[in-house]
Amino acid sequence: MELFVPKDSESILFKKVFAHSVFKQSLLYYQKVKKETSFTLYAPQLLKSKIKQTIEDDKDLAKLNINLHNDTGMPKTAKPINLVHDVYGASWEITSNTDLTQLRKELKTGILKNCQTPVARNINKRISIPISHVFANGGISPNSVTFFALLLSVAGALLLLSKDGFFFAFALFQLNSILDGTDGEIAKFNFAFSDFGKKFDVYGDYFTSFCIIVFTNIAFYIFYDSYWVHFISILSISLLVSIGLIWIAAILLKLTPDNFAEVESLCQQRLKSPKSMGDRINKVFLAICQRDFYIFFLFLFSLFKWGTAIHVFILLVCFAWLMLTIFTLRILIQLKKK
């Protein structure tokens, strides 16, 4: 990989872009996303010693094979190293502090634009993005945030087993929902994407949803001596078990992609432009099943101590999941036939 250091770029080259300098961000992009490990770097003579020292002092850069040359006679195919990229193919030329400010604004705009629910766009992201800025600047890894969010889910699940702990439990789940956006935002800000991180985040979401559904229904079953309360709890758990059995069967029949995130993506893409009444109904179910949406409303219900609303709403979420599971399975079967 051939890169060059633009002349008069010293003032910005070693400026931080969130956790890393412009110089390091560019190299990390080519290493992590483009899988490049060997670089030929052309630089002005006056900057060579500083660049060499920067590489030697940084443990990540020291692992790379970087050959440093004078910029005289460099090939026209060489790319400037003051370009900061993201995994979606977009790039920004960083030449001033104004460019850094604009970069942050564009990343924030992109995050808000991709929100799937008003709750995420108008509430969760308004809190998570400033937190992500601080964490990204501090070099905190996305996976550590995901792990902390999982601990909140475990604490919330345990609080549900206390009759007076519903509000605090759902407050922790709401905080988990906010941090669920934070880990992805840090990854975008620091260009710190990894396959493990993506899977960790997805399965962490499933774990949190499992905690909410199972432990809430167990709590209602234990604390309320009512036939209808017990019936709703058993029905919700039964729907959840049915969904699990359907996916186990789909995996055994080799109908599913390797990553469950791809399964969700298939469903969401189909429902962006519903073509039938069934698709329109499933689009409503999809909105209900968005984690930030249903967790926020469960938090509100717990705030006003609307226990019945919590119980019935969770049943609705489970039913919506079942309908979406059947819908997605039909899509996978159609793809299999092709």
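At what angle do the axes of helix α9 and helix α14 cross? Select residues 195-223 for α9 and residues 307-337 for α14: the axes cross at roughly 135 degrees and come within 11 Å. This is a predicted model, in which local features need pLDDT of at least 70 and side-chain atom pairs count only at pLDDT 80 or more, while totals for chains, interfaces and linings use all residues. Residues are numbered from 1 along each chain as its sequence is written, and side-chain values use heavy atoms, with hydrogens and water left out.

**Stop 1: α9 and α14**

Helices (H or I, at least four residues) are DSSP runs, numbered from the N terminus. Axes are lines fitted to C-alpha atoms, for helices over the stretch in contact, and angles run from 0 to 180 degrees between N-to-C directions. The crossing of α9 with α14 is left-handed, a term for a near helix turned anticlockwise from the far one by less than a right angle.

Next, show side chains. On α9, pick S209, I212, I213, T216, N217 and F220, which meet G307, I310, H311, I314, C318 and W321 in α14; contact means heavy atoms within 4.5 Å. This contact of α9 with α14 has 7 nonpolar, 5 polar and no charged residues. Ala, Val, Leu, Ile, Met, Phe, Trp, Tyr, Cys and Pro count as nonpolar, Asp, Glu, Lys and Arg as charged, and the others, Gly among them, as polar.

**Stop 2: α7 beside α9**

The axes of α7 and α9 come within 8 Å and cross at roughly 5 degrees, which makes α7 roughly parallel to α9. Their contact divides into 13 nonpolar, 7 polar and 1 charged residues.

**Stop 3: the largest cavity**

Select V145, T146, A149, L150, N176, L179, D180, D183, D201, G204, D205 and T208 to show the lining. On a 1 Å grid over the protein atoms alone, a cavity is a set of points where a 1.4 Å probe fits but cannot get out, and lining residues have an atom within 4 Å of a point. The largest cavity holds about 70 Å³ of space. By class, its lining has 4 nonpolar, 4 polar and 4 charged residues.

**Stop 4: the second largest pocket**

Now select K163, F166, F167, S302 and K305, which lie nearest the centre of the second largest pocket, among its 13 lining residues. A pocket is an open set with protein on both sides within 12 Å along at least five of seven lines. The volume is about 240 Å³, taken as the space filled by probe spheres set on the points, with grid points joined across faces, edges and corners. The largest share of this lining, 3 residues, comes from α8.

**Stop 5: α6 and α13**

Finally, select residues 118-137 (α6) and 291-303 (α13), whose axes come within 8 Å and cross at roughly 65 degrees. That makes α6 roughly perpendicular to α13. V119, A120, I123 and N124 in α6 meet D292, F293, F296 and F297 in α13.

Note on methods
Helix = DSSP H or I, 4+ residues; strand = E, 2+ residues; numbered from the N terminus. Parallel < 35°, antiparallel > 145°, perpendicular 65-115°, else oblique.
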